[in-house]
Amino acid sequence: MVKDECKTLLDALNKVSACYRHLVICAGGTSDSQNLREELKKTRQKAQMLAIANKNKLTTILKDKTISTDDRAEFERLWVVFSTCMEILEIDMRRALDLGQEFPLNVPTKHLIQTGMIGGTSAVAARAISVQNMKYEEANNIDTVDLNDLKQEINEVGEMIYEMEMKVNVAHWTVEAKQEPSSELKSTASAGASSLGMKSVNGGGSKKLCDASKVFAGAMFSAVLIFAIVLAVCVVKFA
């Protein structure tokens with residue numbers, strides 16, 4: 001039951017973090033707007049709430065000395081996934097801070113990046129979070145207020161990651177994966193090998209025809225060469 005709860009929390013964190021990354025890509029682009037900045041703020045705050053819930057849950061379990069070896073291995077695997085997700089979230093938050101500083105909302109549209117992302121982003125954010133829209137009293141001050149909050153939240157995430165490492169000592173390289181690396185590619189590779197094998201079988205007749213053509217071409221070349229030599233000898237003899 002506890003394991004399912006942890007997996008559910010971690011899955012929710014992954015989805016919200018992925019949503020945040022999608023929104024960060026739009027920052028500074030032609031689809032950038034006050035609504036996007038508000039969605040960025042809501043999404044990263046939702047991600048931090050889920051991160052705290054994940055950290056508390058997993059920390060409590062991994063500090064328990066009574067859990068079985070198999071359960072501990074599974075929770076350590078979840079911990080590695082969680083810590084990796086936190087590192088990615090911190091990187092995306094720093095990227096959002098850099099883009100927000102480089103592209104404030106009051107700049108002309110021509111200075112925005114052509115990211116290829118167009119249209120609204122509300123539908124994407126709505127799939128991951130369900131909180132009411134936040135309104136700013138001063139629209140012109142959204143950059144300053146939000147960027148200051150973002151700086152503080154980046155520091156909080158960094159402190160959380162450091163606290164995680166201090167409380168739970170789980171080395172990433174000691175955690176065994178549940179499946180072999182690149183196992184999802186093996187089926188594709190097998191299919192490719194089978195296809196190649198079929199091509200080899202089907203191409204057997206073509207190979208024989210190719211060999212016969214080479215023999216015929218070689219015989220013709222030899223005949224021409226012999227004729228040329230005989231002709232040259234005759235010319236020299238009767239000259």
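Q: Which helix is Gly100 found in?
A: Gly100 is in helix H3. Helices here are DSSP runs of H or I with at least four residues, strands are E runs of at least two, and numbering starts at the N terminus.

Q: Before we go on, what kind of model is this, and what are the ground rules?
A: This is a predicted model, where local features need pLDDT of at least 70 and side-chain atom pairs count only at pLDDT 80 or more, while totals for chains, interfaces and linings use all residues. Residues are numbered from 1 along each chain as its sequence is written, and side-chain values use heavy atoms, with hydrogens and water left out.

Q: OK, back to Gly100. Buried or exposed?
A: Gly100 counts as buried, because its relative accessibility is 5%. Buried means under 20% relative accessible area, exposed means over 50%, and partly exposed is in between, using a 1.4 Å probe and protein chains only.

Q: What does Gly100 touch, leaving out residues up to four places away in sequence?
A: Gly100 touches Arg37 and Leu147, with contact meaning heavy atoms within 4.5 Å.

Q: Where does Leu147 sit?
A: Leu147 lies in helix H5, residues 142–167. Leu147 counts as buried because its relative accessibility is 12%. Leu147 and Gly100 are 47 residues apart in sequence, and their C-alpha atoms are 7.0 Å apart.

Q: Let's zoom out. How many helices and strands are there in the chain?
A: Seven helices and zero strands. From the N terminus on, the elements run α-α-α-α-α-α-α.

Q: How much of the chain is buried?
A: 31% of the 239 residues count as buried.

Q: And what about contacts across the sequence?
A: Take contacts between residues at least 6 apart in sequence: 86% of them join residues at least 24 apart.

Q: Tell me about H1. How many residues does it have, and what does it reach?
A: H1 covers residues 2–26, so to speak 25 residues, and reaches 37 Å from first C-alpha to last, close to the 36 Å expected at 1.5 Å a residue. The expected span is 1.5 Å times one less than the number of residues.

Q: Which residues in H1 are buried?
A: Among them are Cys6, Leu10, Leu13, Val16, Ser17, Cys19 and Tyr20.

Q: Now packing. What describes two packed helices?
A: The angle between their axes and the distance between the axes. Axes are lines fitted to C-alpha atoms, for helices over the stretch in contact, and angles run from 0 to 180 degrees between N-to-C directions.

Q: So how do H1 and H2 cross?
A: Their axes come within 9 Å and cross at roughly 155°. H1 and H2 are therefore roughly antiparallel. Angles over 145 degrees count as roughly antiparallel, under 35 as roughly parallel, 65 to 115 as roughly perpendicular, and the rest as oblique.

Q: Left-handed or right-handed?
A: The H1 and H2 crossing is left-handed, that is, the near helix is turned anticlockwise from the far one by less than a right angle; clockwise would be right-handed.

Q: What about H1 with H3?
A: H1 and H3 pack at about 20°, with axes 10 Å apart. That makes H1 roughly parallel to H3. By class, their contact has 16 nonpolar, two polar and seven charged residues. Ala, Val, Leu, Ile, Met, Phe, Trp, Tyr, Cys and Pro count as nonpolar, Asp, Glu, Lys and Arg as charged, and the others, Gly among them, as polar.

Q: And H2 with H3?
A: H2 (residues 34–62) and H3 (residues 69–102) pack at about 155°, with axes 10 Å apart. H2 and H3 are therefore roughly antiparallel. Their contact includes Arg37, Ala51 and Asn54 of H2, and Phe82 and Gly100 of H3. By class, it has twelve nonpolar, four polar and five charged residues.

Q: Phe82, then. What is it in contact with, leaving aside neighbours within four places in sequence?
A: Leu10, Leu13, Ala51, Asn54, Lys55, Leu58 and Met164. Phe82 counts as buried because its relative accessibility is 0%.

Q: How far apart are Phe82 and Ala51?
A: They are 31 residues apart in sequence and 8.1 Å apart in space, C-alpha to C-alpha.
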